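My notes follow in the order I made them.

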Amino acid sequence: MTPGKFITLEGVDGAGKSTHIPFIADTLRARGREVLLTREPGGTALGEKLRELLLREPMCPETETLLMFAARREHLEQVIRPALARGAVVISDRFTDASFAYQCGGRGVPVAKVAQLEQWVQGDFQPDLTLLFDLPVAVSTQRLANARDPDRFEQEGADFFDRIRNAYLARAAQFPQRFRVIDSGRAIPEIQAELQAMLADV
Ligand code: TYD
C-alpha cells in the first residue's frame, strides 16, 4: 500500500493559502491518491465548536493555546491518523506550526510551553511536508481589509502579523527538510507550477 502523507499549509491570514488548496488537492487526486482536506482549528465536530469559540470569543492567550491543542488532539485521533493509516494524503489547512507562529510569535506565549503541549498532544508526529505561503504583511493586511465580518485574529494589526510572519520564517529555517516557502506575491499560474514541482514525490 502507498504510505499516507501528511501535508500542512501555513501562512499569515491573507497570504493566499485558501486560493491554492483546490489546486493542490486536484493535482494529487489526478495521480490517483485519496485526498482528505481538513483544517485547524476544526476538522471534527468538537473541533469546529472549539473553532467558533476561538475565532469569536474573547479569551487570554493561554486559554487560546490550550483550546488549539485540545482541538488538535481530537483532530489527530479521529481524522488525521486513521486517514494516514489507510494510505490517504491528508492536507490540513494549518497545524502546530500555526500555534508557534500565532500563539508564540503573535501573542507572546513562551515557545517552551507550546513545545510541551506539542510533545504531549502529538509526541514526535510531524507533517511530511509544510507549504508556507509567504507574503509581505503590507500586502496580506491589505487583502484582509476587504474581508467581511473579520474574526478575532483578522482584526489584529500589522505588528501582530509581522511577528507571525517572522515566526513562520524562523520555523521554516529551523526545519528546512519539511518546509517549502512559497513567494505568494506572484501570479497564480507561476505559483501553481512551483506547487506541482513541490508535490512531485508525494
Ligand atoms: P484561517 O485558517 O485563516 O481560516 P479562514 O481562511 O477561514 O480565515 O483561520 C484560523 C485562524 O486561527 C487564523 O487566524 C490562525 C488561527 N490559528 C492560531 O492562532 N493557532 C493555531 O494553532 C491554528 C491552527 C490557527
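Before starting on burial, I wrote down the cut-off: a residue is buried when its relative accessible area is under 20%, and exposed when over 50%. I also noted that this is a predicted model.

**Entry 1**

I started with R94. Its phi is positive, about 85°, although R94 is not a glycine. Most residues other than glycine have a negative phi, so I flagged it. I found R94 in the loop between strand 3 (89–93) and helix 4. Is R94 buried or exposed? Its relative accessibility is 11%, so R94 counts as buried.

D149 came next. D149 is not a glycine either, and its phi is positive at about 50°. I located D149 in the loop between helix 6 and helix 7. Here the relative accessibility is 58%, so D149 counts as exposed.

Then I checked for a cis peptide bond. I noted one from E40 to P41, with omega near -10°. Most peptide bonds are trans, so this one also went on my list. P41 sits in the loop between strand 2 and helix 2 (45–56).

How many strands does the open sheet have, and in what order? I read five strands, in the order 2-3-1-4-5, with parallel pairing. Strand 2 (35–39) and strand 5 (179–183) are the edge strands, each pairing on one side only. From one strand to the next, the twist averages 20°.

I then followed strand 4 (residues 129–134) to its partners. Strand 4 runs parallel to strand 5, and five bridges join them. In that pair, L132 has V181 of strand 5 as its bridge partner. Strand 1 and strand 4 also pair in the parallel sense, over four bridges. There I7 has L129 of strand 4 as its bridge partner.

How many residues of strand 4 are buried? I counted six of the six, so strand 4 is largely enclosed by the rest of the structure. Side chains in a regular strand alternate between the two faces of the sheet. I checked the directions in strand 4. L129, L131 and F133 point one way. T130, L132 and D134 point the other way, and these are buried too.

I looked for a helix over the sheet. Helix 4 (residues 96–106) lies across strand 1 (5–10), strand 4 and strand 5. It runs at about 25° to strand 1.

**Entry 1: helix 4 on helix 5**

I stayed with helix 4 and turned to helix 5 (residues 111–122). The two pack at an angle of about 155°, and their axes are 10 Å apart. That angle makes helix 4 roughly antiparallel to helix 5. The crossing is right-handed. Which residues make the contact? From helix 4 I listed T96, S99, F100 and C104. From helix 5 I listed V111, V114, A115, E118 and Q122. By class, I have five nonpolar, three polar and one charged residues in the contact of helix 4 with helix 5.

**Entry 2: helix 6 on helix 7**

I went on to helix 6 (residues 137–144) and helix 7 (residues 158–174). Their packing angle is about 125°, with the axes 10 Å apart. Helix 6 and helix 7 are therefore oblique to each other. Helix 6 passes helix 7 in a right-handed crossing. On the helix 6 side I noted V137, T141 and L144. They meet A158, F161, D162 and R165 in helix 7. The contact of helix 6 with helix 7 divides into four nonpolar, one polar and two charged residues.

**Entry 3: V202**

My last stop was V202, in the segment after helix 8 (188–198). At 17% relative accessibility, V202 counts as buried. What is V202 in contact with, leaving aside its neighbours within four places in sequence? I listed K5, I7, L28, R31, R33, V89 and L129. The C-alpha atoms of V202 and Q126 are separated by 15 Å, and the two residues are 76 residues apart along the chain.

Methods:
Residues numbered from 1 in each chain as written. Predicted model: local features only at pLDDT ≥ 70, side-chain atom pairs only at ≥ 80, totals over all residues. Heavy atoms only, no water. Axes fitted to C-alpha atoms, helices over the stretch in contact; angles between N-to-C directions. Parallel < 35°, antiparallel > 145°, perpendicular 65-115°, else oblique. Left-handed = near helix turned anticlockwise from the far one by under 90°. Contact = heavy atoms within 4.5 Å. Nonpolar A, V, L, I, M, F, W, Y, C, P; charged D, E, K, R; others polar. Pairing = 2+ DSSP bridges. Buried < 20%, exposed > 50% of the residue type's maximum accessible area, 1.4 Å probe, protein only.
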